[in-house]
Amino acid sequence: MATATQFRTCPTTGLRVDLKAENLIKANAVAAVIFLAVGGFFGLLVGLTRWPAVHLLPADWFYLALTAHGLDVLIVWIIFFEMAILYFASAILLNSRLAGPRWAWLGFGLMVVGAVVVNIAVLQGGSTVMFTSYVPMKAAPHFYLGIILFAVGALIGCFVFFGTLVVAKEERTYQGSIPLVTFGALTAAIIAVFTIASGAIILIPTLLWSMGLISHIDSLMYKTIWWAMGHSSQQVNVSAHVAVWYAIAAIVLGARTLSEKVSRTAFLLYILFLQLASAHHLLVEPGISSEWKIFNTSYAMYLAVLGSMIHGMTVPGSIEAAQRHRGLNRGLFEWLRKAPWGNPAFSGMFLSLIMFGFIGGISGVVMGTEQLNIIMHNTLYTPGHFHGTVVAGTTLAFMAITYLIIPLIFRRELVMKKIAQWQPYVFSIGVAGLSLFMMGAGTLGVSRRHWDMTFADAALKFDYPEAAFLMMGLNGLSAILAALGGIMYIAVVVGSVLFGKRTTEQSLPKLNVIASYGSADSVKVPGTVVMVAVFFTAFVLYYFINWKYLSEIWPLS
Amino acid sequence: MAVVPPTERIWWKERIAKVEIMWVAIAFLWGLVMFFMMIYWHGAGKQNISNEAYRTDPAVFAQKAQAMAEQYKVREEAGIPVVHPPPGSDVYLIARLWQWWPILELEKDKAYRLHLMSMDWQHGFSAQPVNLNLQIHPNYDMVLTVTPDQAGEFGIICNEYCGIGHHTMVGRLYVKE
Ligand code: HEM
Ligand SMILES: [Cu+2]
Ligand SMILES: [Cu+2]
């Protein structure tokens, strides 16, 4: 096989690029974007239905669209894109050939078939069970089968990644240790294996149950294992998008992380303290002890959160250090003001970092606190939180790196550069709105996954406060903005891939590597220190405000 | 640079900048604070879930609810009995497609042992506008001691998706002075 491998040399990095790996990256990225378009469309329909003044879809279509939305974006879009990242971080960054490209294509094929099958199942109408498919609510067998096929495909992709690391090491295609970005991708792939194993443990019996071969599945056991998959896969996303942050900072600004040791240890924390993170989906569930809940919801004392907080400093810190190294030294924030805000790869990455920390991160820790969950569980606060993590964080980071993948891998120049420049901002404002207004409505008690907040068809009535209706109106407007940002992204990507000019050596970005900042003691990042201090203050205040809210509800014991 | 191998081969022996060490220390301590806060609240706070639960057959649970409703029924609303059980007693609330049954009438500042269970799929108990949310499973009788400290009329919204009638699953709860 090795002899058949063909390479080209990348003019930007000087690395050899395995053409087979390149094609796989393209295929996975294209599939990802297609499903983002489909899933985003369903998201818009859902957002407009939840806008009380518009109330677009009838009830059955709303629940169907919500099921499709969750599956297509959270699972299909993100995981296809992660496959592209895994191949990029292994074969390309390690200057190596891809191990077993045929296996990789098999994996890709299974993922495509699985994704199509699950979409068919949902669109047929008999599987409106939400992407979580909590038993004893039952979907058609091919709903579970589609997800299982998709997961098996992804698992194959992970093993191709591991295999490539081995090949690269044996064939000595790089010196020393693997790059930090590859290390982050390795973290993601290791957690993905755990994730998919949990998925198999729960979904295979559920498939048999829906075929009538197993008579009963315990609802609590299902949720515990389902979320061992569902939550760890979010840890995969975090590892992947943090790796993407580092990659963009490096490629666009030549930034070098402040300390490899700290950043790598932070990635390791994700693996070591994964625990049963399904716990924070089970905080108000019956019959689970508080000891178990507390230990596992904090992943044993918040050590994985520690990992994210570390990256939250080292990523902007490395950018600041790189910019200062170039002489942007005035005041606290000249380095940030004069950052390449017109480059969508950079702006998308930085907005992703800020919103993931401030919106998704803080709210996630708060609602993952054992008792605080009582005032948030299954309200709209929950989707508000995770649009701050998987959309503002992961999705936006993946969008940002697409603007580098198109010239480097597809070898096309971006079309509609102005639209590309605005895209991260439009999408960010929309998603920030979605997150914050859903969190606001949730704080006022509005239920998630709910077609009618006026309860018009209910035998007994209840009125949510006026402010909640206002929130959902603003949420609808934000949904339109977010969808617009999504359409801009898809237009630029499709346009560039199909019609973009071929890149030339001149048009490609130049890597402007900063070898070192001097010794550890001389690194100065005062701007980052201020940003981190603001973040920390916001975190502490918001955390304790929620304890105050909790203390005002009815005593429970 | 993050996309090329580290310059120092032995990266785990590298020296670390002071700002980084400081932040790692602060973030670690904050993690401990948050961890112990949950434990502290079990002692000092008033809002904790008992985690008491029993595997129960839905029919058995329904029978208990039925018996309570017959004994303490005070009136009816929308065809659902309004039940005023004595303070301190065991009160039962059934969650089923798509109804909360019966309507409970409790007394302010009195404690009740509230039993919650689903007869079919999962449901979400969401007492509004208190904003008190619990997950309700079939086959698990979930018990908590609740002491309503506000009088008034409260809605019980189902906030776990439970099929096409999910948005009609609204119950009621009264708390009397
Ligand atoms: C155009 C952009 C988007 C809009 C307007 C949008 C809007 C919404 C809305 C309004 C909800 C429903 C809340 C509810 O009723 O419970 C929702 C749910 C959800 N969204 Fe999005 N969203 C968008 C993009 C995304 C993306 C990119 C992802 C993932 C990467 C995502 C993941 C989810 C998930 C997992 C759910 C929960 C589904 C469920 O409860 O089963 N969304 N979204
Ligand atoms: Cu329900
Ligand atoms: Cu429901």
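Visitor: What coordinates the copper ion (ligand 3)?

Guide: In this predicted model, the copper ion (ligand 3) is coordinated by Cys158(B) (SG), Glu160(B) (O), Cys162(B) (SG) and His166(B) (ND1), at 1.9 to 2.3 Å. Donors are N, O and S atoms within 2.8 Å of the metal (3.2 Å for Na, K and Ca), and water is not among the atoms, so sites may look incomplete. Local features need pLDDT of at least 70, and side-chain atom pairs count only at pLDDT 80 or more, whereas totals for chains, interfaces and linings use all residues. Residues are numbered from 1 along each chain as written, chains are lettered from A and ligands numbered from 1 in the order written, and side-chain values use heavy atoms, without hydrogens and water.

Visitor: What makes the arrangement around the copper ion (ligand 3) tetrahedral?

Guide: Four donors count as tetrahedral if all angles lie between 85 and 135 degrees. The four donor atoms here subtend angles of 90 to 122°, and the arrangement is therefore tetrahedral.

Visitor: Why does Cys162(B) count as buried?

Guide: Buried means under 20% relative accessible area (1.4 Å probe, protein chains only). Cys162(B) has 0% relative accessibility and therefore counts as buried.

Visitor: Why are H1(A) and H14(A) called roughly antiparallel?

Guide: Angles over 145 degrees count as roughly antiparallel. Helix H1 (residues 19-49) and helix H14 (residues 466-499), both of chain A, pack at an angle of about 165°, with their axes 9 Å apart; H1(A) and H14(A) are therefore roughly antiparallel to each other. Axes are lines fitted to C-alpha atoms, for helices over the stretch in contact, and angles run from 0 to 180 degrees between N-to-C directions. Helices (H or I, at least four residues) are DSSP runs, numbered from the N terminus.

Key. Helix = DSSP H or I, 4+ residues; strand = E, 2+ residues; numbered from the N terminus. Parallel < 35°, antiparallel > 145°, perpendicular 65-115°, else oblique. Tetrahedral: all angles 85-135°; square planar, octahedral: opposite > 155°, others 65-115°. Buried < 20%, exposed > 50% of the residue type's maximum accessible area, 1.4 Å probe, protein only.
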